[in-house]
Amino acid sequence: MERADVGALVQSAVDGDGAAWKALVEGLSPLVWSVVRAHRLSDADSHEVYQTVWFRFAQHLGRIREPQKAGSWLASTARHESLKVIRSLSRLMPTDDPQLLDRVSEDGTPEQSLLEAEEAAAESERIRYLWQEFEELGDRCRQLLRVLMASPPPSYQEVSAALGIAVGSIGPLRQRCLRRLRARLDARGAL
């Protein structure tokens, strides 16, 4: 979807055009899903975030300063909402319930649990570095890579329509973006 088309559709949707709203949702949903799925939320949480993003978009539709950049607004909102869910899931719930406190683990020995926890922490750290460096890439690279991470992956024609990139430029741009990301991770020692 071309940015000018997105801007025109946003303006029409602000004026109450249901067809324009439907076209926006259909055209930009793959982008929203790709950002949400990149955060590896459960299916229920992913659907909740997806709905929240579109609800927030509808709430702010008339106040978006640059309607042609609605895709960026949606991607950013999807990221923030996903991170909000992740933060809420990571909170610990203190308890004094003796049944929970005295529960015996069937997962293995304490040593195995420690090794698994260390491996999980290391993997989590690598993922955190990856996303930090990903966020340092330019907007164009972030948008392209997010869309290409969608499941199922969109065709190059769909990517072209969504981001306004010529079909023949998508592969080379993708390679440059991934090289930049790899170089940033190598420099950080995160690979």
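Which two residues form a disulfide, and how far apart are their sulfur atoms? Select Cys-141 and Cys-177: they are the pair, with sulfur atoms 2.1 Å apart. Bear in mind that this is a predicted model.

**Stop 1: the disulfide.** The structure holds 1 disulfide. Cys-141 sits in helix H7 (residues 139–148) and Cys-177 in helix H9 (residues 167–188), so the link joins distant parts of the chain, 36 residues apart. Look along the S-S bond: the angle is -80°, a left-handed link. Both ends are buried, Cys-141 at 3% relative accessibility and Cys-177 at 0%.

**Stop 2: H4 to H3.** Now turn to the salt bridges, 11 in the structure. Select Glu-81 and Arg-56, whose closest N and O atoms are 3.2 Å apart. Glu-81 belongs to helix H4 (residues 70–89) and Arg-56 to helix H3 (residues 43–60), so the pair ties together parts 25 residues apart in sequence. Glu-81 is buried at 9%; Arg-56 is partly exposed at 26%.

**Stop 3: H6 to H4.** Select Glu-135 and Arg-79, a salt bridge at 3.2 Å, N to O. Helix H6 (residues 110–136) carries Glu-135 and helix H4 carries Arg-79, 56 residues apart in sequence. Glu-135 is partly exposed at 24%, and Arg-79 is partly exposed at 23%.

**Stop 4: H9 to H6.** Select Arg-184 and Glu-133, bridged at 2.7 Å, N to O. Arg-184 lies in H9 and Glu-133 in H6, 51 residues apart in sequence. Arg-184 is partly exposed at 33%, whereas Glu-133 is buried at 10%.

**Stop 5: the network.** Finish by selecting Arg-79, Glu-135, Asp-139, Arg-142 and Arg-146 together: salt bridges with shared partners join them into one network.

Technical notes. Residues numbered from 1 in each chain as written. Predicted model: local features only at pLDDT ≥ 70, side-chain atom pairs only at ≥ 80, totals over all residues. Heavy atoms only, no water. Disulfide = S-S within 2.5 Å. Helix = DSSP H or I, 4+ residues; strand = E, 2+ residues; numbered from the N terminus. Buried < 20%, exposed > 50% of the residue type's maximum accessible area, 1.4 Å probe, protein only. Salt bridge = Lys/Arg side-chain N within 4 Å of Asp/Glu carboxyl O.
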